[in-house]
Amino acid sequence: MEKEQLAVYFIAGTPNCLTTIEETLQAAIDGGIAMFQFREKGEGALTGERKKQIALRLQAKCKQAGIPFIINDDIALAIDIAADGVHIGQEDEPASVVREKIKGGIVGVSVHTMDEFEKAIADGADYVGTGPIYVTATKTDTRPVAGTTLIRKMKDKYPDFPIVGIGGITIENAEEVMKAGADGVSVITAISHAKNPKQAASQLKNVFSRTQ
Ligand SMILES: Cc1ncc(COP(=O)(O)OP(=O)(O)O)c(N)n1
Ligand SMILES: Cc1ncsc1CCOP(=O)(O)O
Ligand SMILES: [Mg+2]
């Protein structure tokens with residue numbers, strides 16, 4: 001994968017969206033997101049066949065837009081529908097095992113320490129996501145708010161390894177995350193709850209462009 005694909009990395013599931021997830025994703029694509037993660041979690045989340053059917057529709061939109069379609073946690077679904085990749089955390093299947101299963105696809109891993117970061121690289125991760133950088137209401141079972149210190153440390157030691165920040169990132173604070181060395185920002189609420197999701201995606205893209 002290219003680092004540029006992390007610039008504005010939108011994540012959503014049906015429970016996060018104010019209108020339909022298809023409409024929200026289309027607006028985000030029109031605004032310029034470079035990657036999408038289907039994260040179907042939380043109250044009212046779809047499972048089984050209904051989850052798969054939505055995944056297929058979102059995958060088709062991403063394909064048409066030429067952006068990677070990543071699935072959160074559900075490795076079996078990712079393999080079933082030939083998604084472009086998966087994102088896993090420290091509590092999910094081990095990255096080394098997922099790397100084998102996903103073959104040439106994208107594997108993203110959540111990390112919270114330098115040790116987890118170096119292990120993710122050794123296990124064959126293509127990028128890491130780190131956070132929560134700021135306070136978030138979207139995920140309750142997170143590690144403590146971390147700020148941008150770890151991003152700086154990771155970039156100092158591995159300047160070329162793709163890193164994205166996540167958690168509580170907004171149009172207002174995205175610049176701080178980019179300036180710390182992140183290759184992009186990963187957001188749920190900043191786009192999915194925006195009055196105008198297309199504009200929100202476009203503004204995040206502008207923050208990325210002006211910090212390069
Ligand atoms: C890009 C990105 N970074 C981090 C996460 C969080 O993954 P995880 O810790 O496994 O938590 P869940 O998202 O599965 O609740 C992510 N999804 N994406
Ligand atoms: C999935 C995840 N992992 C760490 S924080 C978070 C939630 C990010 O959502 P938001 O952008 O709404 O804060
Ligand atoms: Mg996970």
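**First stop: ligand 1**

Select ligand 1 and the 18 residues around it; G89, S110, G129, I166 and S186 come nearest. Here a residue is near a molecule or strand if its C-beta atom, placed from the backbone, lies within 6 Å of it. Now colour by element: β1 (8–12), β4 (85–88), β5 (106–111) and β7 (163–166) each give two or more residues to this shell. Element names come from DSSP runs, with helices being H or I of at least four residues and strands E of at least two, numbered from the N terminus. By class, the shell around ligand 1 holds five nonpolar, eight polar and five charged residues. In this scheme Ala, Val, Leu, Ile, Met, Phe, Trp, Tyr, Cys and Pro are nonpolar, Asp, Glu, Lys and Arg are charged, and the others, Gly among them, are polar.

Before moving on, note that this is a predicted model, in which local features need pLDDT of at least 70 and side-chain atom pairs count only at pLDDT 80 or more, while totals for chains, interfaces and linings use all residues. Residues are numbered from 1 along each chain as its sequence is written, and chains are lettered from A and ligands numbered from 1 in the order in which they are written.

**Second stop: ligand 2**

Next, select ligand 2. Which residues come nearest to ligand 2? Of the 14 around it, they are T136, T138, G167, I188 and T189. The shell around ligand 2 has six nonpolar residues, seven polar and one charged.

Eight of them form a closed barrel in the order β1-β2-β3-β4-β5-β6-β7-β8, with parallel pairing. On average, neighbouring strands of this sheet are turned by 25° against each other, direction ignored. Strands count as paired if DSSP finds at least two bridges between them.

Zoom in on β1. To one side, β1 pairs with β8 (residues 184–187) in the parallel sense over three bridges. Look for F10 opposite V187, and for Y9 with its bridge partner S186. β1 is also joined by four bridges to the parallel strand β2 (residues 35–38), where Q37 stands opposite I11.

Is β1 covered or open on its two faces? Both faces are covered, with V8, F10 and A12 buried on one side and Y9 and I11 buried on the other. In a regular strand the side chains alternate between the two faces of the sheet. Buried means that 20 or more other C-beta atoms lie within 10 Å of the residue's own, exposed means 12 or fewer, and partly exposed is in between, with C-beta atoms placed from the backbone.

Select α1 (residues 21–31) and α9 (residues 197–211). The two pack at an angle of about 35°, with their axes 7 Å apart. Axes are lines fitted to C-alpha atoms, for helices over the stretch in contact, and angles run from 0 to 180 degrees between N-to-C directions. At the meeting place, T24, A27, A28, D30 and G31 of α1 face P197, K198, Q199, A200, A201, S202 and K205 of α9. Residues are in contact if their C-beta atoms, placed from the backbone, lie within 7 Å. Turn the view to see α9 lying across β1 and β8, at about 145° to β1.

Stay with α1 and pick T24. T24 counts as buried because it has 23 C-beta neighbours inside 10 Å. Beyond its neighbours within four places in sequence, T24 is in contact with A12, C17, T19, S192 and P197. Just after α1, G32 takes a positive phi of about 110°.

**Last stop: the loops**

Select P132, in the loop between β6 (127–130) and α6 (149–157).

Then go to A82, in the loop between α3 (75–80) and β4. A82 is not a glycine, yet its phi is positive, near 55°. A82 counts as exposed because it has 9 C-beta neighbours inside 10 Å.

Finish at K103, in the loop between α4 (95–102) and β5. K103 also has a positive phi, of about 50°, although it is not a glycine. K103 is exposed, with 8 other C-beta atoms within 10 Å.

How values were computed
Two residues are in contact if their C-beta atoms, placed from the backbone, lie within 7 Å.
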